[in-house]
Amino acid sequence: DTGIKLKIDHISHMGPQQAKYASEVQTQAGHDLVEMRMHFPWLYEPQLVDVSDVVTGLEKQYGKALSSSYEGAHVNGVWRAVPQYHGMFVATYREDLFKKASLKVPDTWEDLYTVGKELKKMGNPVGIPISQNYDSISTAGPVLWSFGGMEVDKDGKTVKINSPAAAQTIEWYKKMFKDCMEPEVLSWSDASNNESIQQGKAGWIHNPVSAYIVAKQRKLVTADGINHHRSLGGPNGRHVTDTPRHIGIWKFSKNIDASKEWIKYLLGKRETYDEYIMSGDAFNLPVYEKLQDHPVLRTDPKYAALKGEGVQYHTYGWRAPPPDKVQHITNTYLLPNMIAKAVTGTPTKDAIAWAETEN
């Protein structure tokens with residue numbers, strides 16, 4: 001439609017993508033546009049074009065970008081990447097098992113402990129990884145936030161992990177691990193919780209809707225029994241790990257104007273953006289306020305929980321800004337490592353002290 005010729009390379013975000021960013025910045029050559037998840041625009045701020053003009057236009061059209069997009073791509077008052085879509089963590093559960101055992105759908109993390117004990121007795125334990133992967137962080141963060149805790153303060157420097165909220169978080173994980181889960185969660189990958197519920201083992205997992213989407217696509221027998229409910233809350237509210245994606249333009253690009261035109265076409269032309277969102281089957285959701293009740297949510301009744309009422313969206317490390325310490329605690333899996341120590345025998349105060357030192 002625009003006459004712009006495109007070549008798109010698909011690169012896994014689980015390692016190769018980051019390596020590609022680093023090599024292209026080092027050589028000042030490569031792609032014009034890059035998709036960046038979470039808070040990578042902070043890491044590459046000096047190398048990314050200011051795209052505030054593009055985002056301003058999109059926000060006029062669709063309303064403000066979600067808070068998680070601001071956390072990830074609005075760097076020191078400047079948009080270094082354009083909010084593209086997001087995928088939140090919700091509760092994915094075996095609705096058929098819940099109905100069979102007359103279990104109440106949980107609303108809080110404490111409620112999950114109550115039903116989790118019953119699920120484990122039925123042979124369908126709760127599946128929350130406590131290992132070195134992103135899904136582990138994506139659950140531990142909301143549990144910590146819901147108890148009122150944080151890893152680093154708003155100043156981005158002051159370590160705040162040593163708190164009563166962190167102790168509550170660890171104690172919750174300890175009883176969940178003992179009474180509701182199985183030891184295999186200590187070695188799970190990002191895919192393991194999905195596979196566990198798809199294969200009929202887990203009765204409840206915390207994950208984006210990908211587990212259900214894949215079960216549906218593969219016509220697995222468990223697909224019919226899987227459903228979702230909104231993420232769980234605690235004394236300090238209902239917080240959700242969000243995984244926003246943004247599109248950035250390298251400063252060394254020789255096609256900056258054309259790159260901006262293409263972003264405007266993909267995201268700013270409503271019929272194109274709608275088609276793009278629909279193609280993801282509710283895994284990739286619109287990231288602007290006026291599009292939160294998107295038609296994709298009505299393509300399947302099991303997507304109703306994705307409207308996210310009463311939910312606060314955050315990237316890793318909230319409330320701190322993403323550079324430096326948040327990058328460190330994310331990339332070293334500090335939060336799940338602290339929890340893993342505690343559930344395998346390290347006293348709670350010692351696990352927290354270790355995390356505080358590592359932080």
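Reader: How many of the 10 residues of helix H14 (residues 334-343) are buried?

Author: This is a predicted model. In it, 9 of the 10 residues of H14 are buried, so the helix is largely enclosed by the rest of the structure. Buried here means under 20% relative accessible area.

Reader: Which residues of H14 are the buried ones?

Author: Start with the general idea. An α-helix has 3.6 residues a turn, so residues three or four places apart point the same way. Now the case here. The buried residues are Leu334, Leu335, Pro336, Asn337, Met338, Ile339, Ala340, Ala342 and Val343.

Reader: What covers the buried residues of H14?

Author: The cover includes four helices: H7 (134-146), H8 (164-179), H13 (325-331) and H15 (348-358).

Reader: Which residues other than glycine have a positive phi?

Author: Most residues other than glycine have a negative phi, and most peptide bonds are trans. Two cases here go the other way. Asparagine 76 has a phi near 50°. Aspartate 281 has a positive phi of about 55°.

Reader: Where are asparagine 76 and aspartate 281 found?

Author: Both are in loops. Asparagine 76 lies between strand S2 (74-75) and strand S3 (78-79). Aspartate 281 lies between helix H12 (270-279) and strand S11.

Reader: Is asparagine 76 buried or exposed?

Author: Asparagine 76 counts as exposed, at 56% relative accessibility.

Reader: Let's move to strands. What is the order of the strands in the open sheet of 4 strands?

Author: Strands of a sheet pair through backbone hydrogen bonds, either parallel or antiparallel. In this open sheet the order is S6-S7-S5-S8, and the pairing is mixed. Strand S6 (126-127) and S8 are the edge strands, each pairing on one side only.

Reader: How many bridges join S5 to strand S7 (residues 204-207)?

Author: There are 4 bridges, and S5 and S7 run antiparallel.

Reader: Are the faces of strand S8 (residues 226-229) covered or open?

Author: In a regular strand the side chains alternate between the two faces of the sheet. Both faces of S8 are covered. Ile226 and His228 are buried on one side, Asn227 and His229 on the other.

Reader: How many residues of strand S10 (residues 245-249) are buried?

Author: In S10, 5 of the 5 residues are buried. Arg245, Ile247 and Ile249 are on one side. His246 and Gly248 are on the other.

Reader: Which strands pair with S10?

Author: Strand S1 (residues 33-37) is joined to S10 by 5 bridges, running antiparallel. Strand S4 (residues 82-85) pairs with S10 over 3 bridges, also in the antiparallel sense. Now look at arginine 245. Arginine 37 stands opposite it. Arginine 245 is also the bridge partner of tyrosine 85.

Reader: What does proline 41 touch?

Author: Proline 41 is in helix H2 (residues 40-43). At 0% relative accessibility, it counts as buried. Setting aside residues up to four places away in sequence, proline 41 touches Met36, Leu48, Gly72, Ala73, Val75, Arg80, Ala81 and His246. His246 belongs to S10.

Reader: Is threonine 315 buried or exposed?

Author: Threonine 315 is buried, with a relative accessible area of 2%. Its place is the loop between strand S11 (312-314) and H13. Beyond its neighbours within four places in sequence, threonine 315 contacts Met38, Ser68, Glu71, Trp145, Asp242 and Pro244.

Reader: Step back to the chain. How many helices and strands does the secondary structure come to?

Author: The chain has 15 helices and 11 strands. Its radius of gyration is 21 Å, close to the 21 Å that the globule rule gives for 359 residues, so the chain is as compact as a globular protein of that length. Buried residues make up 56% of the 359.

Reader: How many positive and negative side chains does the chain have?

Author: There are 41 positive and 42 negative side chains. The centres of the two sets lie 2 Å apart. As for the surface, the chain exposes about 15200 Å², with carbon and sulfur atoms supplying 51% of it.

Key
Residues are numbered from 1 along each chain as its sequence is written. This is a predicted model: local features need pLDDT of at least 70, side-chain atom pairs count only at pLDDT 80 or more; totals for chains, interfaces and linings use all residues. Side-chain values use heavy atoms; hydrogens and water are left out. Helices (H or I, at least four residues) and strands (E, at least two) are DSSP runs, numbered from the N terminus. The radius of gyration is taken over C-alpha atoms; the globule rule is 2.2 Å times the number of residues to the power 0.38. Buried means under 20% relative accessible area, exposed over 50%, partly exposed in between (1.4 Å probe, protein chains only). Accessible areas come from the Shrake-Rupley method with a 1.4 Å probe; for residues, only the protein chains shown count as cover. Lys and Arg count as positive and Asp and Glu as negative; His and the chain ends are not counted. The place of a charge is taken as NZ of Lys, CZ of Arg, CG of Asp or CD of Glu. Contact means heavy atoms within 4.5 Å. Two strands pair if DSSP finds at least two bridges between them.
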